[in-house]
Amino acid sequence: PGPDSNKDRLRWDDFNWKKRHINIRPEVAKTNERRLVPILDNLYEWLGPFQGKTGPVVPLGLRTDRESERLN
């Protein structure tokens, strides 16, 4: 969600590493519907070092490069 959104953020607790899926909660999803997104092999390897982390995946106020370019 954007910085002005009242939507919740994706959290590391939403990742089920054993079942290899991400739980997209209704309060996070654009559609307000829960869904499970598989964690494919490459993503599992890429995000592996983050297993065990807590809190939001992207903290509030942290902008992506794309957002920064758009705002400049």
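1. Two strands count as paired if DSSP finds at least two bridges between them; helices (H or I, at least four residues) and strands (E, at least two) are DSSP runs, numbered from the N terminus. On these terms, Phe15 stands opposite Ile22 in S2.

2. The model is predicted: local features need pLDDT of at least 70, side-chain atom pairs count only at pLDDT 80 or more, and totals for chains, interfaces and linings use all residues. Residues are numbered from 1 along each chain as its sequence is written, and side-chain values use heavy atoms, with hydrogens and water left out.

3. The sheet is open, with three strands in the order S1-S2-S3 and antiparallel pairing. Strand S1 (15–16) and strand S3 (35–38) each have a single partner strand and stand at the edges, so one side of each lacks a neighbour in the sheet.

4. Two bridges connect S1 with S2 in the antiparallel sense. These strands form a hairpin with four residues between them, and Arg20, in the turn, has a positive phi of about 60°. Arg20 also lies over the face of Tyr44, at 3.9 Å from the ring centre; the criterion is NZ of Lys or CZ of Arg within 6 Å of the ring centre and within 35 degrees of the ring normal.

5. Strand S2 (residues 21–24) is joined to S3 by four bridges, again antiparallel. His21 has Pro38 as its bridge partner in S3, and Asn23 stands opposite Leu36. In a regular strand the side chains alternate between the two faces of the sheet. In S2, His21 and Asn23 point one way, Ile22 and Ile24 the other way, and all are buried (under 20% relative accessible area; exposed is over 50%, partly exposed in between; 1.4 Å probe, protein chains only).

6. There are four aromatic pairs in the structure. Rings of Phe, Tyr and Trp (its six-membered ring) pair if their centres lie within 6.5 Å, and planes under 30 degrees apart count as stacked, over 60 as edge-to-face and the rest as tilted. Trp12 and Phe50 are stacked, at 5.4 Å centre to centre with 10° between the planes. This pair links distant parts of the chain, 38 residues apart: Trp12 lies in the segment before S1, and Phe50 in the loop between helix H1 (41–47) and helix H2 (65–71). Trp12 is buried, with a relative accessible area of 7%, whereas Phe50 is partly exposed at 35%.

7. Phe15 and Trp17 have ring centres 5.3 Å apart and planes at 20°, so this pair is stacked; both residues are buried. One aromatic cluster is formed by Trp12, Phe15, Trp17, Tyr44 and Phe50.
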